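This report describes the domains of a protein and the packing of its nonpolar residues. The sequence and structure are shown first.

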Amino acid sequence: MTRQDQFERRARILWIVIICGLFVLLGRVAWLQLIEGERYFRISNNSRLRLVPLPCTRGLILDRKGEKLAGNEAYFSIGVVPSNVADIDELIKCLDEFLDIDKGIVKKRIQEVNNIFRPVWVKKNIDLSEVTYLLEKEEDFPGTVILTQPVRSYYYDEICAHVLGHVGEVNQVELTANSTFGVEPGDLVGKMGIEKAYNSYLQGEKGGRQVEVDAHGRTLRVISEKEPLPGDSVYLTIDLEMQRIAAEKLGQRKGVVLIGDYETGEILTLVSHPSFNPNLFSWGISEDEWSKLAQDPGDPLENRALRGEYPPASTFKIIVAAAALEDNIIGKEDTFFCSGELLVGNRIFKCWKEEGHGRLNLEEAIIDSCDVFFYQLGLNVGMDKIIEYSRLFGLGEITGIDPASEKDGLLPTREWKLKAKGEAWYPGDTVNLSIGQGFLLVTPAQMFRVIAAVANKGSLINPYLVKEIVDSQGKVVESFSPAGGKKIPISSSVFDFLGKSLRRVVRVGTGWRAENEIVKIAGKTGTAESSDEERPHNWFIGYTLPDDAPLAIVVLIEHREEEISIATQIAGEILSEIFDEN
Ligand SMILES: [Zn+2]
């Protein structure tokens, strides 16, 4: 073999080696490209900059004296960063073995997330032993992280629920509305009460950290950081101590206690029962718990003070009396006769006192709450005037305590009846209206305004629940002062007369159960027909006399169980305990 041959042979072998090598390389490339391409693409794409959101703490809600009603407590949760999970099913299986999670829901949460670099919680409130176990076995659970999470906490459970409301996971509608606050799917926002109405203050602003990470998602360095901004705190006009007293006296009865300053409109107590525990919602309420609450016949989620609509019954006689006096339909000495019943058209309308009250004047009729007197007075005043004066006292419109959820009751008119019932307005309708029955419906909040106007002699106050909003540095962001109430165009002599009569209602009339040695109370009772004839609704609306403190009170008992005017008794007990403590 010549040297030439030898050379050519070696060159051929070299070519074969090169070509073989090329094939191997090409095969490897094809393999990478086709089979593992997606994984490598993901890793290279990830190993760059990443924005890690920094959560902010929700502002506190406090009572007027600074007592914390709603705050945040730190709990451990376990989360998964979807971008770092290789096999979701395998991970979920491993997690379920020691955490007992709802596999379907967790998988859905991980798959449907918008930002795959952001941790998604899979189980909240895990205990320390579970935390330790996870930290020790970190490698068996790729993609999981331990999160310390502030959780909304309500310190007095049911007692303040309807004032505070609760939080819940943001929905699509709220996401659009809240877009400027950096709210993302999975975040909690206020869903009811103060939590909802003042969400934009309480929410705060998320911060963020821009970091460089390696292919495994580990942070290499922090590039820039924006501190989160905690939410503002909301100071309420509510007095926790009074709220507790009211809730305790109301007990297990269905009903409302509303107490406020009749000069400023500050609400000091708002209790609606049955109630619910807002803490249930802070962890994300389960479907079982939710349907139990939503289907409860006691309607625990309903704020009866603002949304319950009832006939005002005899408490409405205050407005009929005011209209009659102001329009000179009746003088203070004029009388009507009560035989126990009155024939109007072909219908008999009865007084609550079967044997009748005999002859009485306006003050006596208020003190004894004579129905037949007011039937006759109402017919003389006329329905149009009665409705006109009802409007002056704020009926038929919301009070403004919570504009988003309040109801406005029903102030019937001739046009309304024609439309709703297809009938004209009959004298019998006026008779019913005169004692606050028939079509007329009011909320306890509206009656609070009515009795406050009587107490302060003619100013229609604007009741409110929030005193001040303060940022995390203690700076006052916004403070609320009483918005000057509309002046009701009724002479002060009429209010003087009403005030004197209502004091006598409690001293010697139907409101005697509220009379006590600690605080002087004036007010009016009412017993309203309800769907259950045996168990009417029971009202007391009243106020304390000026030498004490300017408090107005509304107590409404829905379907009372007791035979007596229990609302009046409860009002007396609550006010005397409040004034006894001071
Ligand atoms: Zn009578």
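**Contacts of valine 320**

Two residues are taken to be in contact if their C-beta atoms, placed from the backbone, lie within 7 Å. The model discussed here is a predicted one. Beyond its neighbours within four places in sequence, valine 320 is in contact with Phe374, Leu377, Gly378, Val381, Ile386 and Ser434.

**Nonpolar cores**

Val320 also belongs to the largest nonpolar core, which has 123 residues. Together with Val234, Leu236, Leu258, Ile451, Val554 and Val555, Val320 touches the most other members of this core. Helix 20 (residues 444-455) provides the largest share of the core, nine residues. At least three residues of the core come from each of domain 1 (50-236) and domain 2 (240-282 + 303-581).

Another core lies apart from this one and comprises 11 residues, including Ile78, Ile92, Leu95 and Val106.

**Domains and their contact**

The domain assignment of the protein lists domain 1 (50-236) and domain 2 (240-282 + 303-581). The centres of domain 1 and domain 2, taken over C-alpha atoms, are separated by 45 Å.

Note on methods: Residues numbered from 1 in each chain as written. Predicted model: local features only at pLDDT ≥ 70, side-chain atom pairs only at ≥ 80, totals over all residues. Core = buried A, V, L, I, M, F, W, Y, C linked by C-beta atoms within 7 Å. Buried ≥ 20, exposed ≤ 12 C-beta atoms within 10 Å, placed from the backbone. Helix = DSSP H or I, 4+ residues; strand = E, 2+ residues; numbered from the N terminus. Domains from an automatic or database assignment.
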